[in-house]
Amino acid sequence: VKFVSKNDSEVQFRSMFWDSVLTRLFFQHVSRLFEDLPNCDFQLMSEWHTCVLFPELESRKIDFAALWSGIPLMIIEMGNEEFSFGVNSHKDFSKVLGLISHSCQKLALELERQGKRAENAKIFGIWIGGSQIQFITGQAVISKVTSSNSFSIQCNCYFPNEWKFDVIQQS
């Protein structure tokens, strides 16, 4: 895991709590899923620069990403403040959804290139605001183009309200 430190309150908030929680979760649980895969390039990155994979997009940083062969399978964005949906939704939410969609398309293309089913591409996201956590899933949807042997890829993102939790507040 590569950590970057700044004199920024959001980064300090992350590094003091969430980075260590997420790193422990990934190393103790998620990374085990990849142990038996040959040539598996699994990385955890703090402050991952999106231009590495998406040079055509505006250069952005993702707070925390779990990468497989350079493609983010999980994208995590964190902020100090609690969040809401709708007109007042936080800018990071649209950033996460956009990157989930782009990553899902990249993963689907990579799976297709390897002779696997592109429709199995899924990307996961976590949006953290203060003590709130919203889980997000992106699923590739493949449409065959009838006039040719090609296909189009889109990503449907799901983030039902039931997937939102406050880790401090009792429910």
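Biologist: Where does Phe135 lie?
Modeller: Phe135 lies in strand S5. Keep in mind that this is a predicted model.

Biologist: Why is Phe135 called partly exposed?
Modeller: Its relative accessibility is 32%. Buried means under 20% and exposed means over 50%. Phe135 falls in between, so it counts as partly exposed.

Biologist: What makes Phe135, Tyr158, Trp163 and Phe165 a nonpolar patch on the surface?
Modeller: Members need over 30% relative accessible area and no salt bridge, and nonpolar side chains are joined within 5 Å. Phe135, at 32%, is over that area cut-off. Phe165, at 45%, is over it too. Together the four residues of the patch have about 390 Å² of accessible area.

Biologist: How many helices and strands are in the chain, and how do the elements run?
Modeller: The chain has two helices and seven strands. From the N terminus on, the order is α-β-β-β-α-β-β-β-β.

Biologist: How many aromatic pairs are there?
Modeller: The count comes to three. In one of them, the rings of Phe93 and Phe159 have centres 4.9 Å apart and planes at 80°. The cut-offs are 6.5 Å for the centres and over 60 degrees for edge-to-face, so this pair is edge-to-face.

Biologist: Why does the pair of Phe93 and Phe159 tie together parts that are apart in sequence?
Modeller: Phe93 lies in helix H2 (residues 91–113). Phe159 lies in the loop between strand S6 (151–158) and strand S7 (164–166). The pair therefore ties together parts that are 66 residues apart in sequence.

Biologist: Is Phe93 buried or exposed?
Modeller: Phe93 is at 7% relative accessibility, under the 20% limit, so it counts as buried. Phe159 is at 31%, so it counts as partly exposed.

Biologist: Why is the pair of Phe135 and Phe165 edge-to-face?
Modeller: The ring centres of Phe135 and Phe165 are 6.0 Å apart, and the planes stand at 70°. That angle is over 60 degrees, so the pair is edge-to-face. Phe135 is in strand S5 (residues 132–144) and Phe165 in strand S7, so the pair ties together parts 30 residues apart in sequence.

Biologist: Which residues do ring pairs link into a cluster?
Modeller: Phe93, Trp127 and Phe159.

Biologist: How many salt bridges does a search of the whole structure find?
Modeller: Four. One of them joins the side chains of Glu47 and Lys61, at 3.6 Å from N to O. Glu47 is in strand S1 (residues 42–49) and Lys61 in strand S2 (residues 61–68), 14 residues apart. The limit is 4 Å, so the 3.6 Å pair of Glu47 and Lys61 qualifies.

Biologist: What makes Glu47 buried?
Modeller: Its relative accessibility is 8%, under 20%, so Glu47 counts as buried. Lys61, with 28%, is partly exposed.

Biologist: At what distance do the side chains of Lys95 and Glu77 meet in a salt bridge?
Modeller: At 3.1 Å, N to O. Lys95 lies in helix H2 and Glu77 in strand S3 (residues 71–79), so the pair ties together parts 18 residues apart in sequence. Both Lys95 and Glu77 are buried.

Biologist: How far apart are the closest N and O atoms of Glu119 and Arg117?
Modeller: They are 2.6 Å apart, and the two residues form a salt bridge. Arg117 is at 54% relative accessibility, over 50%, so it counts as exposed. Glu119, at 30%, counts as partly exposed.

Note on methods. Residues numbered from 1 in each chain as written. Heavy atoms only, no water. Phe/Tyr/Trp six-rings, centres within 6.5 Å; stacked < 30°, edge-to-face > 60°. Helix = DSSP H or I, 4+ residues; strand = E, 2+ residues; numbered from the N terminus. Buried < 20%, exposed > 50% of the residue type's maximum accessible area, 1.4 Å probe, protein only. Patch = residues over 30% accessible without salt bridge, like charges linked within 9 Å, V, L, I, M, F, W, Y side chains within 5 Å. Areas by Shrake-Rupley, 256 points an atom, 1.4 Å probe, with all protein chains shown as cover.
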